[in-house]
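Here are my notes for a first look through this model. Please read them with the viewer open and check each point as you go.

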Amino acid sequence: MSFLKIILYMILILFSHASIAQKNNPFSIAVEINKQVITNYEIDQRILMLNVFGMKNILRKQIIDSLIEETLLEEYADQSNIQISSSEFDNNLKKFAQRGGLNELELMKYLSGKNISKDTLKNYMRAGILKQKIIQKKFLADILITQKDIDSALLKNKSLKEITEYKIKYYEILMNKKNAFDILSRINNDIDSCLDLLVEIKKYDNLDLKVYEIYQNQISKDLYHQLNKLDINETIINKTDTDQDYLIMLCSREASLDQDKLERIKNEIFNKKMIKRGNVFIQDLKNNAYLSIK
């Protein structure tokens, strides 16, 4: 083997061993992000701590993603002068420890016995508080909860449906004439809404239009079943038990909730909107960052 080849071979071996040593070194850099770094030690400590807290089968990639997010949010907080006070941090740490039936010192001692640095917990706690503060400051004023949001939540969430009472408004024409069905059918063909029905009824003599605005539990099961099949401004023509013909048009169906239930629904909607906005914001931070994973 020529002298030059020997030199190249030795360099290759040295670099190969250096690379392995770098990877096995717990304090080596695992990620570069903008001007910050994340070490293998930080990653290993976070995994160990979460395992101790009962979170199993955690992927290393998940932890790296979380630490990248936290690093970017910390950087954003510095630029935006968003800070966490000592009392704010201490109160959150106290509540966190109490969930496990411990005080702060007992929690730190417990983690130390598991070879987990107190800084690992503090950084984890700080990241959670900071994320909440940043997202709230950035989006809180823009989050609006509409009646449409509430109605949509009720439709999608079965558990919310069960706590909901509906206030229903409908119009009814009741007739016992021989040609009642024909008259009601003609009216039905000429209307598209409850407002149309109010106008159309004036063209006929001796027709009694009744307006009902009533809660579902005040309606007979049979009638509620029929109304429940209708969309707003839809009609049904049928006969009563006494062979009278009737036309019913559904005008509105609104969820009626007590204040506690309504607040629960609004909080769920608010949290989902904040999470969605926050995720988009964080992804934008990642897209605009220099990132190198070793």
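**Notes on the predicted model**

1. Start with helix α12, residues 259-287. This helix gives the most to the positive patch, with three residues. Keep in mind that the model is predicted. The patch itself sits on the surface and gathers Lys156, Lys272, Lys276 and Arg277.

2. Is lysine 276 buried or exposed? Its relative accessibility is 63%, and exposed means over 50%, so lysine 276 counts as exposed.

3. Now go to the nonpolar core. The largest one holds 40 residues, and Ile43, Leu121, Ile134 and Phe281 touch the most other members. Several elements each supply at least two residues of this core: β1 (29-33), α2 (40-52), α3 (60-80), α4 (86-99), α5, α6 and α12. Which element gives the largest share? That is α3, with eight residues.

4. Next, the salt bridges. Side chains of opposite charge can pair when their charged atoms come close. How many salt bridges does the model have? The count comes to eleven.

5. Glutamate 32 is in strand β1, while lysine 294 is in the segment after β7 (291-293). The pair therefore ties together parts that are 262 residues apart in sequence. Glutamate 32 is partly exposed, at 24% relative accessibility. Lysine 294 is exposed, with a relative accessible area of 56%.

6. Lysine 61 is exposed at 59% relative accessibility, whereas aspartate 65 is partly exposed at 29%.

7. Glutamate 200 is buried, because its relative accessible area is 7% and buried means under 20%. Lysine 203 is exposed, with a relative accessible area of 60%.

8. Look at the backbone too. Most residues other than glycine have a negative phi. Asparagine 115 is not a glycine, yet its phi is positive, about 65°. Where is asparagine 115? Look in the loop between α5 (104-113) and α6 (118-139). Asparagine 115 is exposed there, with a relative accessible area of 63%.

9. Asparagine 233 also has a positive phi, about 75°, although it is not a glycine. Find this residue in the loop between α11 (221-228) and β5 (235-239). Asparagine 233 is partly exposed, with a relative accessible area of 29%.

10. Glutamine 216 lies in the loop between β4 (209-215) and α11. This glutamine 216 is partly exposed, with a relative accessible area of 22%. From glutamine 216 to arginine 253 there are 37 residues in sequence. In space the two are 9.6 Å apart, C-alpha to C-alpha.

Conventions: Residues are numbered from 1 along each chain as its sequence is written. This is a predicted model: local features need pLDDT of at least 70, side-chain atom pairs count only at pLDDT 80 or more; totals for chains, interfaces and linings use all residues. Side-chain values use heavy atoms; hydrogens and water are left out. Helices (H or I, at least four residues) and strands (E, at least two) are DSSP runs, numbered from the N terminus. Buried means under 20% relative accessible area, exposed over 50%, partly exposed in between (1.4 Å probe, protein chains only). Patches are made of residues with over 30% relative accessible area and no salt bridge: like charges are joined within 9 Å, nonpolar side chains (Val, Leu, Ile, Met, Phe, Trp, Tyr) within 5 Å. Accessible areas come from the Shrake-Rupley method with a 1.4 Å probe; for residues, only the protein chains shown count as cover. A salt bridge is a side-chain nitrogen of Lys or Arg within 4 Å of a carboxyl oxygen of Asp or Glu. Lys and Arg count as positive and Asp and Glu as negative; His and the chain ends are not counted. The place of a charge is taken as NZ of Lys, CZ of Arg, CG of Asp or CD of Glu. A nonpolar core is a set of buried Ala, Val, Leu, Ile, Met, Phe, Trp, Tyr and Cys residues joined through side-chain atoms within 4.5 Å.
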